[in-house]
Amino acid sequence: MTVYDAKNIEFSWKGVTLTGTGDDHAYSITQEGGSVKPYKGVQGEGLNIVNNQRVWQISRSFKVDSESLPTLFDDCMNYVEDELVIRDLNTGKDDVFSECMISGIGGEKDASTRIVQWSALRRNSK
């Protein structure tokens, strides 16, 4: 039995694999708005409808001396929209986030890492 290694996750932005992730190799993927919305009709009937307003939020930490960070800063300032691919080398699965842009880069002024946040409208073409 192999042990899952959290370091074996690759982020690819605009077709380029990003380097210099933070020491914790942490990342998160969340969804705002949920996949469905409950709906109550005029006759009192209830059903769930697809929520087309959902947005994916992806974040990852990068060291301040990362080679990728200057490009990410430029793309954030220029509102570049592209594809973000998250590749899990442990399982061989990919998540492709399209209609994606960097929504912000944060972190303390003297911290050793910066948190890059992407917002995407679609995950795996859905």
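Close-up 1. Glu99 is partly exposed, with a relative accessible area of 34%, where buried stands for under 20%, exposed for over 50% and partly exposed for what lies in between (1.4 Å probe, protein chains only). Its partner is Arg122, and the closest N and O atoms of this salt bridge are 3.1 Å apart, a salt bridge being a side-chain nitrogen of Lys or Arg within 4 Å of a carboxyl oxygen of Asp or Glu. Because Arg122 lies in strand S9 and Glu99 in strand S8, the pair ties together parts that are 23 residues apart in sequence; strands (E, at least two residues) are DSSP runs, numbered from the N terminus. The model is predicted, with local features needing pLDDT of at least 70 and side-chain atom pairs counting only at pLDDT 80 or more, while totals for chains, interfaces and linings use all residues. Residues are numbered from 1 along each chain as its sequence is written, and side-chain values use heavy atoms, with hydrogens and water left out.

**Close-up 2. Asp95 and Arg123.** The side chains of Asp95 and Arg123 form a salt bridge at 2.7 Å, N to O. Asp95 belongs to strand S8 (residues 93-106) and Arg123 to strand S9 (residues 113-123), so this pair ties together parts that are 28 residues apart in sequence. Asp95 counts as buried at 19% relative accessibility, whereas Arg123 is partly exposed at 23%.

**Close-up 3. Arg87 and Asp94.** In this salt bridge the closest N and O atoms of Arg87 and Asp94 are 3.4 Å apart. Arg87 is partly exposed, with a relative accessible area of 28%, and Asp94 is partly exposed as well, at 38%.

Notes
Helices (H or I, at least four residues) and strands (E, at least two) are DSSP runs, numbered from the N terminus.
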